[in-house]
Amino acid sequence: MSTIIPQCELTRKAIKWISDQQDETGKSHLALLEDAAMRFNLSPKDMEFLNRFYKENSDKNSDCD
C-alpha cells in the first residue's frame, strides 16, 4: 500500500535535503534546486517558494558578518 505524503511535507524535506547537500558539497541552492524538484516531485510554485526562501535567507546571512 502506498502512502501519500502531503505537498507541504515534501517541501520541508526538500529544504532539509538542500541544506544538507549545501553543507556536504558546498553547491549553491540554485544548483541543488533542480535535483530537489525531481527528487521530491515539486511543483513550479514550490520551486519558486524554495528559490525565494534561499535567496532571502542568504541575503540575511551576509549582513551578519
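The side chain of His 29 makes a polar contact with the side chain of Asn 51, at 3.1 Å. This comes from a predicted model. His 29 belongs to helix α2. It is buried, because its relative accessibility is 12% and the limit for buried is under 20%. Asn 51 is one of several residues that His 29 touches. Leaving out residues up to four places away in sequence, His 29 touches Ile 18, Gln 22, Asn 51, Tyr 54 and Lys 55.

Now look along the rest of α2. Which residues of α2 are buried? They are His 29, Leu 32, Leu 33, Ala 36, Ala 37 and Phe 40. These residues cover an arc of only 150° around the axis, so they sit on the same side of α2. Turn to the face that points away from this buried side. There, α2 carries the exposed residues Glu 34 and Met 38. Just after α2 comes Asn 41, with a positive phi of about 50°.

Next, the core. The largest nonpolar core has 14 residues. Those with the most contacts inside it are Ala 14, Trp 17, Ile 18, Ala 36, Phe 40, Leu 42 and Leu 50. Which elements give two or more residues to this core? They are α1 (7-25), α2 (29-40) and α3 (44-63).

The aromatic rings come next. A pair of aromatic rings is described by the distance of the centres and the angle of the planes. The count comes to three aromatic pairs. One of them joins Trp 17 and Phe 40. Their centres are 6.3 Å apart, and their planes make an angle of 65°. Is this pair stacked or edge-to-face? It is edge-to-face, because planes over 60 degrees apart count as such. Trp 17 lies in helix α1 and Phe 40 in helix α2. The pair therefore ties together parts that are 23 residues apart in sequence. Both partners are buried: Trp 17 has a relative accessibility of 15%, and Phe 40 has 12%. Elsewhere, Phe 49, Phe 53 and Tyr 54 form one aromatic cluster.

Finally, the charged side chains. How many salt bridges are there? The count comes to two. In one, the side chains of Arg 12 and Glu 9 meet, with 3.2 Å from N to O. These residues are three apart in helix α1, so about one helical turn separates Arg 12 from Glu 9. Glu 9 is partly exposed, with a relative accessible area of 27%.

The other salt bridge links Asp 20 with Lys 16. Their closest N and O atoms are 3.0 Å apart. Asp 20 and Lys 16 are four residues apart in helix α1, which again means a separation of about one helical turn. How accessible are the two partners? Asp 20 is partly exposed, at 30% relative accessibility. Lys 16 is exposed, at 54%, because the limit for exposed is over 50%.

Terms used: Residues are numbered from 1 along each chain as its sequence is written. This is a predicted model: local features need pLDDT of at least 70, side-chain atom pairs count only at pLDDT 80 or more; totals for chains, interfaces and linings use all residues. Side-chain values use heavy atoms; hydrogens and water are left out. A nonpolar core is a set of buried Ala, Val, Leu, Ile, Met, Phe, Trp, Tyr and Cys residues joined through side-chain atoms within 4.5 Å. Buried means under 20% relative accessible area, exposed over 50%, partly exposed in between (1.4 Å probe, protein chains only). Rings of Phe, Tyr and Trp (its six-membered ring) pair if their centres lie within 6.5 Å; planes under 30 degrees apart count as stacked, over 60 as edge-to-face and the rest as tilted. The arc is that of the directions from the helix axis to the C-beta atoms. A salt bridge is a side-chain nitrogen of Lys or Arg within 4 Å of a carboxyl oxygen of Asp or Glu. A polar contact is a pair of N or O atoms within 3.5 Å; within protein, one must be able to donate a hydrogen and the other to accept it, and residues adjacent in sequence count only if both atoms are side-chain atoms. Contact means heavy atoms within 4.5 Å.
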